[in-house]
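Visitor: I am new to this structure and would like to go through it piece by piece. Please show it to me, and I will ask as we go.

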Amino acid sequence: LAPARERPAPDAAPDFESYEYVGAASQLRHEAQSSHTTDQERVMLLLNTTLAPLVLGVLIGATAYVSNACAELLLRAKWGITFWLLSFPFGAILAYPLFTALCVALAAGAAAVSLWAPAACGSGIPMVKVELNGVRVPGALSARTLLVKLAGITLVVASGLPCGREGPMVQLGAGIGRLVLRWQSRLLSLSCCTSAAAQVRILDGDRHLRDLVSMGAAAGVAAAFNAPIGGVLFS
C-alpha cells in the first residue's frame, strides 16, 4: 500500500493570546505579602500608583488638543483657499472643484495612513472591548496604531466627512494607558526596586493593564465630549 499523504499544515493563526487577569499563587507572592518593603520602595510604588493616572490624563488631554488644533488648522486652510478664489470674478469655476479635490485628498490621506497599521481602522471601541475581555489583539494598542489613529482622525475631521473623534479617542486613550504601564514597569525594574512586592507588581502587569486601559478609555471619552463625568460613566 502506498503511504498516506500528509495533510498540508493550516495557515498559521495570528498571535492572539489571553491576559492573566487572575493572579496565580506563588512563592514570590507569599513573600511579598509577608515581607516589609523599604521606604525607597514605598515611595516608588506610591509614585507609580498615584502619578500613573495623572500622567495618563495629561497625555490624553494633550493628544486631544493636538488633534483638534491640527484639524482646525487644515479646515482654515481649506476654507481660506476656497474663499480667496471666490473673491475673483470667475473664481467659482475653480473654487468648487478645488474644494472638492481638497476634501477627497484629505479623506484619501486618512485611508492611506491606515495601511501602515490596519488595527487603526474603524472606531476602535471593539478593539478596546476585546482587550478588556482578556484577549490580546496584535497591534491593537501599539505605538504605531496610536500614531496612525491620531493622523487618521485629524485628516477625516478636516475632510468634512460625517465622522467624529469620539470612538478613536477611546482607542487612543487605551493605547496611551498601555504605554504608561510600560514606563511604569521600567521604573519598577530599576535596581532600587528589588523587593518581592515590586516584582509581584511587575508580574501582575496584565491586571494593571486592564485598569489603565479602562481609565484611558474613560479619559478619551471625557476629552472627546468635554465631559469628565460622562467618561467615568462610560468606563
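Visitor: How far apart are the end C-alpha atoms of α3?
Guide: This is a predicted model, so every value here is computed from it. Helix α3 has 22 residues, and at 1.5 Å a residue it should span 32 Å. The model agrees with that expectation, since the end C-alpha atoms of α3 are separated by 32 Å.

Visitor: Within what arc do the buried residues of α3 fall, seen down the axis?
Guide: The buried residues of this helix are Ala95, Phe99, Cys103, Leu106 and Ala110. They line one face of α3, because down the axis they fall within an arc of 65°.

Visitor: Which residues are exposed on the other side of α3?
Guide: Buried residues such as Leu106 belong to one face of the helix. On the other side, the exposed residues include Ile93, Leu94 and Val104.

Visitor: How many aromatic pairs are there, by the rule of ring centres within 6.5 Å?
Guide: Rings pair if their centres lie within 6.5 Å. By this rule the count is three.

Visitor: Is the pair of Trp79 and Phe99 stacked, edge-to-face or tilted?
Guide: The ring centres of Trp79 and Phe99 are 4.7 Å apart, and their planes stand at 45°. Planes under 30 degrees apart count as stacked and over 60 as edge-to-face.

Visitor: Which helices hold Trp79 and Phe99?
Guide: The pair ties together parts that are 20 residues apart in sequence. Trp79 is partly exposed at 39% relative accessibility, whereas Phe99 is buried at 19%. Trp79 lies in α2 (residues 39–86) and Phe99 in α3 (residues 92–113), so the helices are α2 and α3.

Visitor: What kind of aromatic pair do Trp84 and Phe88 form?
Guide: Trp84 is exposed, at 52% relative accessibility, and Phe88 is partly exposed, at 42%. Their rings are 5.2 Å apart centre to centre, with 90° between the planes. The pair is edge-to-face.

Visitor: Which residues is Glu20 in contact with, leaving aside its neighbours within four places in sequence?
Guide: Glu20 sits in the loop between β1 (17–18) and α1 (27–34), and it is exposed, with a relative accessible area of 55%. Its C-alpha atom is 7.6 Å from that of Gly134, 114 residues away along the chain. The contacts of Glu20 are with Asp206 and Arg207.

Visitor: What is the average pLDDT of the protein?
Guide: A score of at least 70 is reached by 73% of the residues. The average for the protein is 79.

Methods
Residues are numbered from 1 along each chain as its sequence is written. This is a predicted model: local features need pLDDT of at least 70, side-chain atom pairs count only at pLDDT 80 or more; totals for chains, interfaces and linings use all residues. Side-chain values use heavy atoms; hydrogens and water are left out. pLDDT is the predictor's confidence in each residue, from 0 to 100. Rings of Phe, Tyr and Trp (its six-membered ring) pair if their centres lie within 6.5 Å; planes under 30 degrees apart count as stacked, over 60 as edge-to-face and the rest as tilted. Helices (H or I, at least four residues) and strands (E, at least two) are DSSP runs, numbered from the N terminus. Buried means under 20% relative accessible area, exposed over 50%, partly exposed in between (1.4 Å probe, protein chains only). The expected span of a helix is 1.5 Å times one less than its number of residues. The arc is that of the directions from the helix axis to the C-beta atoms. Contact means heavy atoms within 4.5 Å.
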